Amino acid sequence: MFETTGKNVDRRSFLRGSALFAAALGMTVVPGIAGAQQPQQEPKKEEKPKDPFAPEEKKDGVLVDADGREYRVCPQCAYNMYKQGRMWFCENCGYSYVE
């Protein structure tokens, strides 16, 4: 049918050659796959870098500003509220409440 370099290549011989080539190719790939199926190690937990703008928290969950004063976040404007006596007072908008 098809002539290449003086040989007759029929369908059967072409498929046989292709199968041998695929088998040879598969044998070279198998060791690489077998090595990739080793049990995976658990990923190590990495500590996140500390955000320099995040508020510092004591162990009680209390927020502390750069001056070391305890504060809360204002529900009106999200600014810092400081305690004055029994009352929490927002420096920004003046919102206050008694605890």
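The structure is a predicted model, in which local features need pLDDT of at least 70, side-chain atom pairs count only at pLDDT 80 or more, and totals for chains, interfaces and linings use all residues. Residues are numbered from 1 along each chain as its sequence is written, and side-chain values use heavy atoms, with hydrogens and water left out.

**Exercise 1.** Determine how strand S4 is joined to strand S5.

*Solution.* Strands are DSSP runs of E with at least two residues, numbered from the N terminus. Two strands pair if DSSP finds at least two bridges between them. S4 covers residues 63-64 and S5 covers residues 70-73. Two bridges join these strands, which run antiparallel. Opposite Val64 stands Glu70 in S5. The hairpin of S4 and S5 has five residues between the strands, and Gly68 there takes a positive phi near 90°.

**Exercise 2.** Describe the pairing of S5 with S6.

*Solution.* Strand S6 comprises residues 80-84, and three bridges connect S5 and S6 in the antiparallel sense. Val73 has Asn80 in S6 as its bridge partner. Six residues lie between S5 and S6 in their hairpin, where Ala78 in the turn has a positive phi of about 65°.

**Exercise 3.** Locate Cys77 and state whether this residue is buried, partly exposed or exposed.

*Solution.* Cys77 belongs to the loop between S5 and S6. Buried means under 20% relative accessible area, exposed over 50%, and partly exposed in between (1.4 Å probe, protein chains only). The value for Cys77 is 29%, so Cys77 is partly exposed.

**Exercise 4.** Identify the contacts of Cys77, leaving aside its neighbours within four places in sequence.

*Solution.* Contact means heavy atoms within 4.5 Å. With those neighbours left aside, Cys77 is in contact with Cys90, Asn92 and Cys93.

Note on methods: Helix = DSSP H or I, 4+ residues; strand = E, 2+ residues; numbered from the N terminus.
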